[in-house]
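Biologist: I have a model on screen and some questions about it. Can you take me through them one at a time?

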Amino acid sequence: MTQTTVLTGITTTGTPHLGNYVGAIRPAIEASKETGVSPFYFLADYHALIKCNDPEKVHQSSLEIAATWLALGLDTDNATFYRQSDVPEIMELSWMLTCVTAKGLMNRSHAYKAMVAENEAAANNDADKGITMGLFSYPILMAADMLIFNANKVPVGKDQIQHIEMARDIASRFNHIYGEHFTLPEAIIDDKASILSGLDGRKMSKSYNNTIPLFVPEKKLKKLINKIKTNSLEPGEPKETEGCTLFSTYQAFANEEEVAEIRKQYAAGIAWGEMKKVLFEKVNAEISPARERYDSLINDPKFIEQKLQEGAVKARTITTPFLIELRKAIGIHKFS
Ligand code: TRP
């Protein structure tokens, strides 16, 4: 049976939070257990440089994200789990792709356009102020991540769809010039995977500073859940589930019957304090076994390193011969 290559990466610029967990990591680990799937999950550490010039932070975030995947039970015998920077063929491919990518394609990138628009709104004479070539060509490195493994499916958030489309464009262009080498990747947007709201009700995100880190100690988790914003309805007053962060977070952790039961309790006027307690119990029950593993993993960076090195070796059994093929295709190879 032909295997479907499922690939996704996480940029190493922060501490994983509940939103990353329910939106990306939990579904990716589920997907890795399906038969017929060959999963490739990686730490996008070269992508981190685009947003973050703090070496300590990039390093620490890589450790935390790696420990998170392992603590949550990613089976590294089945999945190929690696650091982007440990597979140098990715960077080499990135240059080959850069040379077939139209600048105009990159001009259309949402992330780039948003920054230009910000500069223009601020009446800067330089529309490109603060924009590095890393940010500008970010989609090309991302294309290399996918194309080097001929990924079929790429589970990502909606904000990344454009990048997958660009990867398809870039792959087609390379294939057109040098022959069929790349599979065109497809974005997978999981509608069931919830987008969690943060403490203030906006989307949970590092940039809003409203996150609940995934593996904070139990006490701290309770404290943070208590901080989630609610309205001022009193106990006994019926409450809306729609648009309620406590409810939507509960939904991401509970089964259908439990959710139906909580719906009833909202109608019956459950107190916010009580709902926060219920939510804490639910989230904590799911997280706490992994939290213990996380705490011991984070104190054993050697073990994590070993796993990543094994992953890199596995990854390079694919990328090394593929890169030789690609170099040949573009005319860069030995004289005999
Ligand atoms: N750009 C992605 C993000 O910020 C991370 C990423 C890098 C990625 N390379 C990738 C995701 C390749 C999927 C495939 O979320």
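Predicted model: local features only at pLDDT ≥ 70, side-chain atom pairs only at ≥ 80, totals over all residues.

Modeller: Start with helix 8, residues 161-178. At 1.5 Å a residue, its 18 residues should span 26 Å, and the end C-alpha atoms are 26 Å apart, so the two agree.

Biologist: Which residues of helix 8 are buried?

Modeller: Buried here means under 20% relative accessible area. In helix 8 the buried residues are Q162, H163, I164, M166, A167, I170, A171, F174 and N175.

Biologist: Which residue just after helix 8 takes a positive phi?

Modeller: Look just past the end of helix 8. The phi there is positive, about 100°, and the residue is G179.

Biologist: Which side chain has a polar atom 2.7 Å from a nitrogen atom of the ligand?

Modeller: T11, Y138, M142, D145 and Q160 come nearest among the 13 residues around the ligand. The side chain of T11 has an N or O atom 3.3 Å from a ligand oxygen. For Q160, an N or O atom of the side chain is 3.1 Å from a ligand nitrogen. The 2.7 Å distance to a ligand nitrogen belongs to D145.

Biologist: How much of the ligand's area does the protein bury?

Modeller: Taken alone, the ligand exposes 360 Å². Of that area, the protein buries 88%.

Biologist: Which element gives the largest share of the shell around the ligand?

Modeller: Strand 1 (4-11), strand 2 (37-44) and helix 7 (133-147) each give two or more residues. By type, the shell has seven nonpolar residues, five polar and one charged. The largest share is four residues, and it comes from strand 1.

Terms used:
Residues numbered from 1 in each chain as written. Heavy atoms only, no water. Expected span 1.5 Å × (residues − 1). Buried < 20%, exposed > 50% of the residue type's maximum accessible area, 1.4 Å probe, protein only. Near = heavy atom within 4 Å. Polar contact = N/O pair within 3.5 Å; in protein donor to acceptor, adjacent residues only side chain to side chain. Areas by Shrake-Rupley, 256 points an atom, 1.4 Å probe, with all protein chains shown as cover. Nonpolar A, V, L, I, M, F, W, Y, C, P; charged D, E, K, R; others polar.
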